[in-house]
Amino acid sequence: MVLLGNILLGITALLLLVFTFETFGKSAPGGDAGVGWAWAIIIYYLATFVCLSLVAAIIGAQGGFAWVAASGSGVRFMWVAGGLLTALLGSMFVAFREGPMLAWLGSFLPATIHLLLIIGFGMLLNGGTAYRLPLLLAAGIGAVPCGLILLASLKTRAESYIAVAKSMGQPDQNDLRMIGEIERHDASKNISNLLIFTDYNKEKWVREPALAKIKSRPDWQQQLAEGLRQRWAPEVFTFLAGNEVDDKSLFAEPLHAGIRMQAELIREKIGEAYQEHHLYEGQFMWETERVLKTLERFGDNGQDYRPEMQLLREAFDAPCKTRKPNFGCLRYLDKWLKKH
């Protein structure tokens, strides 16, 4: 039986050697090759699990797991099986690059866990005395990615519960925080800080108190029109993109200044960047989308906003001290310019 166990450990070691070079040490390919890569990992883990389970059965038949603290053989079996499964499952999660938090471990952690299992079982099978440490290390290391995956799953489930709560008309903690900010804000001093809460994607229990406080000022429309000429023009576009006003004609001329201001702010931001992480592909999507949605709602006032929109598009060509990404918002700007 010991000879059979050593043969099985040899097969496991050979599998580990092959897959360390062919799979664990390489990035996951795309397309059809990725499917074959995934199946190769599954087959490898099934083969490894079968081999090590048989070795564990041989060791257990010889009383090799008597050191496992348990009240009976059944409980001892559960501890041993649980440790082996934890080690292999943790290794497999990493091998599959389950999320960015595990991807960086993919080149060495699976091989480390499997090597520890082979060493620990080999010592137990052949009468070694230091068998506990490798097996406990393998189970402990494997438990880390298992725990990370569990936390990610719980986070996803919690977000789902929050979404359900919102759909049932119950504000979450972030909504309550925003409602508190709205209640504490003094609209008689300014309304610029309230405009972000009026965005069309905000929940009604956030938007409605913000709108009520803004409209508590008799001159709220004049304030918005003037804001288009100020550096808080993006916040005004946030309001105009999703909310009605009493007098659209009041905004016909100021919108020209608002688009020019938005262009200038983008030009400044790009010009200030000096490291690659200062700019990213999805940047300015919010600002661009709010300008475009505002023009959809106010574009029938007889004004020609194409010159200002061309300035907005040219702002993305501003000189920059670092490499600029392909800003995703440009395709929407180009589409608008082509249409108009």
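Let's start at helix H9, where the buried residues (under 20% relative accessible area with a 1.4 Å probe, protein chains only) are Trp 220, Gln 221, Leu 224, Ala 225 and Gly 227. Seen down the axis of H9, these buried residues fall within an arc of 160°, so they line one face of the helix; the arc is taken from the directions from the helix axis to the C-beta atoms. They pack against H8, H10 and H11, with contact meaning heavy atoms within 4.5 Å. Helices here are DSSP runs of H or I with at least four residues, numbered from the N terminus.

A word on the model: it is predicted, so local features need pLDDT of at least 70 and side-chain atom pairs count only at pLDDT 80 or more, while totals for chains, interfaces and linings use all residues. Residues are numbered from 1 along each chain as its sequence is written, and side-chain values use heavy atoms, leaving out hydrogens and water.

Now widen the view to the largest nonpolar core, which has 48 residues. Such a core is a set of buried Ala, Val, Leu, Ile, Met, Phe, Trp, Tyr and Cys residues joined through side-chain atoms within 4.5 Å. Helices that give two or more residues to this core include H7 (173-184), H9 (220-227) and H14 (330-339). Apart from this core lies another, of 21 residues, among them Leu 52 and Ala 138.

Phe 239 is one of the residues with the most contacts inside the largest core.

Finally, visit the loop between H11 and H12, where you will find Phe 284. Phe 284 has a positive phi of about 70° although it is not a glycine, and it is buried, with a relative accessible area of 6%.

Note on methods
Buried < 20%, exposed > 50% of the residue type's maximum accessible area, 1.4 Å probe, protein only.
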